[in-house]
Structure formats: structure tokens, C-alpha cells
Amino acid sequence: MPLKTALAAAVCLLLPPALAAADDDIATLITTAEYRLDLGKNTSVYKFYPDHTWEENFKAAVKSGAWRQTGPRAFSIGNFSFLIENNGDALRRSDRKTWRRVTTAATTATAPAPNLIPGSSSQPAPNYWCTWWSQSEARGHPALPAATGQSNPIQRDALDEQLVFGPDGWARDLPDARADLYLLLDDGWDVPYGTKSGRAPFGSCVPDPARWPAAAPAGADPATRLKKLNEMAIAAGWRGLALWIAVQKQGETGKNTATLAEFTDYWRERVLWCRHAGINYWKADWGRHAHDPAYRRAMTELARLHHPG
């Protein structure tokens, strides 16, 4: 697929006009509210008092002490400094954590937690959920060994239609998020069970028929198999299917390495398969040419030319 390049944007902090230097101005701002920071399942709550004392409640433990004004919009607690932002709406601590203001009256009412997840995706970013770590758990698969952990052969065998699309499969997870995510099948999806070592078996880009029987009807060509897999992901509520791709031709060994021209012809066909199938994301990872810019560039250019979506 085309390389997705994230450009790191420089963030400029726009500060409000400086507050008056008098202590009373800061005290008025920060002692009329609670300030809260959500930390996973816990909430840190700061309260400040006009006599320049403070309390923090975190994990049911209360700490207290004194606060000291250090500037027209700044104060300190011990080794931490705080910047007052947006006329008291927020406090930015020196470790970059931000506490948000909650008026005292509002804290006495029971209000539902805000839903920060939009109802639908507003960004075209190609985010995905990957099967790799779940493969280490090998849940619900009686044919697999009981051992778990990040061991490639075990994880590789723990990827098939039952584990992904079965009644309790991973495709049923993340109900509130999967419409915005690609379902990415990782290492193992296109090789037979029991593939343990060596690179040669990888890179076919053809769903293994034993792993994905519903996507391998008799006589179906690779593009049709891929399309069926993608349809299964979409039917389960995902944005679509994504694929782990070994950057090589299937069958390459140390003594049998594809030329750049051979590699390009090989992957041109597979780009066209995925265009037909509606598969829009490749995780190009590992393989004999994973660290060769010329081969990776060729793969990117093929996708841009033949399947720009």
C-alpha cells in the first residue's frame, strides 16, 4: 500500500493575557473549583484554598500541603510548577499533565461521564486492530498446545476462521470501535498450519484454504478468496480487512533471491488481487527484502499506480 506518512506538527501553546500579579487574583481563580484529571480507572482531584493550602485526592488517599504563587499565572507545589490556562479553566503541571476545572456546584451532581468517542469516523487515518498478540492466547482452539506466550510457531498456528470469525472470535470484539478500524490478519494467515521456520513459505498473499475454508470454495482464484475474507470482516462490522505481508516472493531462499524486476511483476499481480477484493491496507513487515529500500519502494509504487485507495 502507499506509505502513510505522519507529519509531526509543531504545537504552539497560546497563553492567555497575563493575570494580575496579586495573590488574590490567582486565589480567586483556583479556589472556586475542583480540578480533575482522569487516569484510567482513577481520578486525581485537586482542591485549593484561599489560605494557600491544597488537597489532592487520588486512589482514596488524600495528600495536602501549601501552594505558592510564582508568577502572574503560575504557582508551585513542592517540586511541581503549575501554569494557569484559559483564565482558570485548566492547570498544566510541569510533567505536562492537565487538570480540568469542575465548578464546585457541578461536583455535587451525578452526571454521566462524557463520551469521547464520536459516533462515526471523522478521519481517513488507516488505523487497525492486529491479531498478533491475541494469537499468543490461542483462546478456544482445542487443536493448539496449552503453552502461551510470544512464540512465533504457536502464534502462527493460532490464526484461522474459527478464532477470528467464530461465535466467540476476535472479530466480535471492540463493538464500539471496529467500524473505524481495519481487522489486520498477522503472521500465519497465508501459510499452512505447522509452518515453523525459514522464509520460503511466506509471501503468497493467498488465504490458506485449511485456515479459511469459507473463503476457499472449490475453484476460487486468489482474488475471489481475498474478496470473501474482506466481506467477512465487513459483515462483522469492521472497516475492512488488512493483511500482514512478507516483503518477498514466496519460495525465496538465500540461494534463490528474486530480482527487483521479478519481485515487481510478482507483487503487481497481488496488488490487483487486493484491488478486486477491496483490501486497502498492507502491513509490509519482515520477509527477505524488508530492509531493502528499492524493493519496498517498488511495492509502494505498484500500490499507488494500480490501487491508490
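The model is predicted, so local features need pLDDT of at least 70 and side-chain atom pairs count only at pLDDT 80 or more, while totals for chains, interfaces and linings use all residues. Residues are numbered from 1 along each chain as its sequence is written, and side-chain values use heavy atoms, with hydrogens and water left out. The structure holds 10 salt bridges and 0 disulfides, and a search of the whole of it finds 21 aromatic pairs.

**Aromatic rings**

- Rings of Phe, Tyr and Trp (for Trp, the six-membered ring) are paired if their centres lie within 6.5 Å, and the pair counts as stacked with planes under 30 degrees apart, as edge-to-face over 60 and as tilted for the rest.
- The rings of Y46 and F48 are stacked, because their planes meet at 20° and their centres are 5.6 Å apart.
- Y46 is buried at a relative accessible area of 3%, and F48 also counts as buried, at 2%, where buried means under 20% relative accessible area, exposed over 50% and partly exposed in between (1.4 Å probe, protein chains only).
- Both Y46 and F48 belong to one aromatic cluster, which is formed together with Y35, W54, W67, F75, F82 and W99.

**Charges over rings**

- A charge is taken to sit over a ring if NZ of Lys or CZ of Arg is within 6 Å of the ring centre and within 35 degrees of the ring normal.
- R93 lies over the face of F80, at 3.9 Å from the ring centre, and R270 lies over the face of Y266, at 3.5 Å from the centre of that ring.

**Salt bridges**

- A salt bridge is a side-chain nitrogen of Lys or Arg within 4 Å of a carboxyl oxygen of Asp or Glu.
- D265 is partly exposed, with a relative accessible area of 48%, and R268 counts as partly exposed at 29%.
- Salt bridges that share partners join E34, R36 and K47 into one network.

**Cysteines**

- The structure holds 0 disulfides, a disulfide being a pair of cysteine sulfur atoms within 2.5 Å.
- C274 is in no disulfide, and the nearest cysteine sulfur, that of C205, is 4.3 Å away.
- C274 is buried, with a relative accessible area of 1%.

**A residue in strand β5**

- G71 is found in strand β5 (residues 68-71) and is buried, with a relative accessible area of 17%.
- The C-alpha atoms of G71 and L83 are separated by 9.1 Å, the two residues being 12 residues apart along the chain.

Note on methods
Helices (H or I, at least four residues) and strands (E, at least two) are DSSP runs, numbered from the N terminus.
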